[in-house]
Amino acid sequence: MSDDLKTSIIEFPLDFPIKVMGEQHPEFAARVLDVVQQHAPETAASDINTRPSSKGNYISATVMVRAESQQQLDDIYRSLSSHPMVKVVL
């Protein structure tokens, strides 16, 4: 896909939700925030909503990020995906 086509699909800047899932851990949300803030420093703790799984073994966090570019989103996804506490990033 050409870069021109990519930029025409999403118009930046925009608020973009990123869903992150991992095993239940008391610091999961804080670690996710740390990773996101490396690429989007203005992201605050109030931009994260967490929810435990039905059995409580896993936790999901939805982070609302103010995305300025596709590259920024790609960097956030790569960083989150490589974090040891994270199982899935959507």
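Select Q24 first, and display the residues around it. Leaving aside neighbours within four places in sequence, Q24 is in contact with P52, G56, N57, Y58 and I59. The place of Q24 is the loop that joins strand 1 to helix 2. Is Q24 buried, partly exposed or exposed? Its relative accessibility is 37%, so Q24 counts as partly exposed. Please note that the model in the viewer is predicted.

Q24 and L14 are 10 residues apart along the chain, and their C-alpha atoms are separated by 30 Å.

Now move to P13, which is found in the loop between helix 1 (3-9) and strand 1. Select F12 together with P13 and inspect the bond that links them. The peptide bond from F12 to P13 is cis, and its omega is near -5°.

**The whole chain**

How many helices and strands does the secondary structure comprise? There are three helices and four strands. Followed from the N terminus, the elements run α-β-α-β-β-α-β. Taken along the principal axes, the box filled by the C-alpha atoms is roughly 45 × 25 × 20 Å. Of the contacts in the chain with a separation of 6 or more, 68% are between residues 24 or more positions apart.

**Helix 2 and its buried side**

Select helix 2, residues 28-39. Within this helix, colour F28, V32, L33, V35 and V36, which are buried. Why do these residues lie on the same side of helix 2? They cover an arc of only 165° around the axis, and therefore they share one side of the helix. As background, an α-helix has 3.6 residues a turn, so residues three or four places apart point the same way.

**Helix 2 against helix 3**

The crossing of the two helices is right-handed.

Which residues meet where helix 2 faces helix 3? From helix 2 they are V32, V35, V36 and H39, and from helix 3 they are Q72, D75, I76, S79 and L80.

Select S79, which lies in helix 3. S79 has a relative accessible area of 19%, and it is buried because the cut-off is under 20%. Residues up to four places away in sequence aside, S79 touches V35 and H39.

**The nonpolar core**

In soluble globular proteins, nonpolar side chains tend to be buried together. The largest nonpolar core of this model has 20 residues. Select I18, F28, V36 and L80, the members that touch the most other members. Strand 1, helix 2, strand 3, helix 3 and strand 4 each give two or more residues to this core. In the chain as a whole, 29% of the 90 residues count as buried.

Finish at L80 and display its contacts. Not counting residues up to four places away in sequence, L80 touches I18, V20, V32, V35, V36, V86 and V89.

Notes
Residues numbered from 1 in each chain as written. Predicted model: local features only at pLDDT ≥ 70, side-chain atom pairs only at ≥ 80, totals over all residues. Heavy atoms only, no water. Buried < 20%, exposed > 50% of the residue type's maximum accessible area, 1.4 Å probe, protein only. Arc of directions from axis to C-beta. Core = buried A, V, L, I, M, F, W, Y, C linked by side-chain atoms within 4.5 Å. Contact = heavy atoms within 4.5 Å. Left-handed = near helix turned anticlockwise from the far one by under 90°.
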